[in-house]
Amino acid sequence: MTSHFAAIRVRPSGKEASRTAQEQAGGRSRWDGVLPVRTLLVEQPEEADGPTGYWMSNLPATTPVADLVRWAKMRWRIEHDYRELKHGLGLDHFEGRTWRGWHHHVTLVTAAQAFLTLRRLDPKAQTPA
């Protein structure tokens, strides 16, 4: 997968941005009216006619674009792991009634997922024929 990425410094507008800026300033009376600068990461695959992905970041302006891209694309890995936990390892199969039972179930499913992840990343692991 290859894409072109652009990182642009912007000031997002809207009610949510204004409310957040006021809260960070310590209230409406202390806010100077200037919205904070954020980084907008834009993705355009080589074969696409226009941009296909947008991410807003509040990381420092000195953050390398490669790091922004890596973190933006990490969502795919998280969704893949969640799907594996749910469908492959039975995270959604718990039918108990106690908090303790739920914790036991989640602990075992998490341990199984950690084991499978370590097996997948082990350079010495033999691949099935």
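Helices (H or I, at least four residues) and strands (E, at least two) are taken as DSSP runs and numbered from the N terminus. The structure is a predicted model, in which local features need pLDDT of at least 70 and side-chain atom pairs count only at pLDDT 80 or more, while totals for chains, interfaces and linings use all residues. Residues are numbered from 1 along each chain as its sequence is written, and side-chain values use heavy atoms, with hydrogens and water left out.

Side chains of opposite charge can pair when their charged atoms come close. With a salt bridge defined as a side-chain nitrogen of Lys or Arg within 4 Å of a carboxyl oxygen of Asp or Glu, six salt bridges were found in a search of the whole structure. One of them joins arginine 19 to glutamate 16, with an N to O distance of 2.5 Å. These two residues lie three residues apart in helix H1 (residues 15–25), and therefore about one helical turn separates them. Glu16 and Arg19 also belong to a salt-bridge network that includes Glu23. Accessibility was classed as buried under 20% relative accessible area, exposed over 50% and partly exposed in between (1.4 Å probe, protein chains only). Arginine 19, at 39%, is partly exposed.

The side chains of aspartate 67 and arginine 70 meet at 3.0 Å, N to O. Aspartate 67 is partly exposed at 23%, and arginine 70 is partly exposed at 45%. A further salt bridge links glutamate 79 with arginine 75 at 2.7 Å, N to O. Glutamate 79 and arginine 75 are four residues apart in H2, again about one helical turn. Glutamate 79 is partly exposed at 38%, whereas arginine 75 is exposed at 56%.

H2 also packs against helix H3 (residues 99–121), with heavy atoms within 4.5 Å counted as contact: Arg77, Asp81, Glu84 and Leu85 of H2 meet Val109, Gln113 and Arg120 of H3. By class, this contact has two nonpolar, one polar and four charged residues (Ala, Val, Leu, Ile, Met, Phe, Trp, Tyr, Cys and Pro count as nonpolar, Asp, Glu, Lys and Arg as charged, and the others, Gly among them, as polar). The axes of H2 and H3 come within 10 Å and cross at roughly 125 degrees. Axes are lines fitted to C-alpha atoms, for helices over the stretch in contact, and angles run from 0 to 180 degrees between N-to-C directions.
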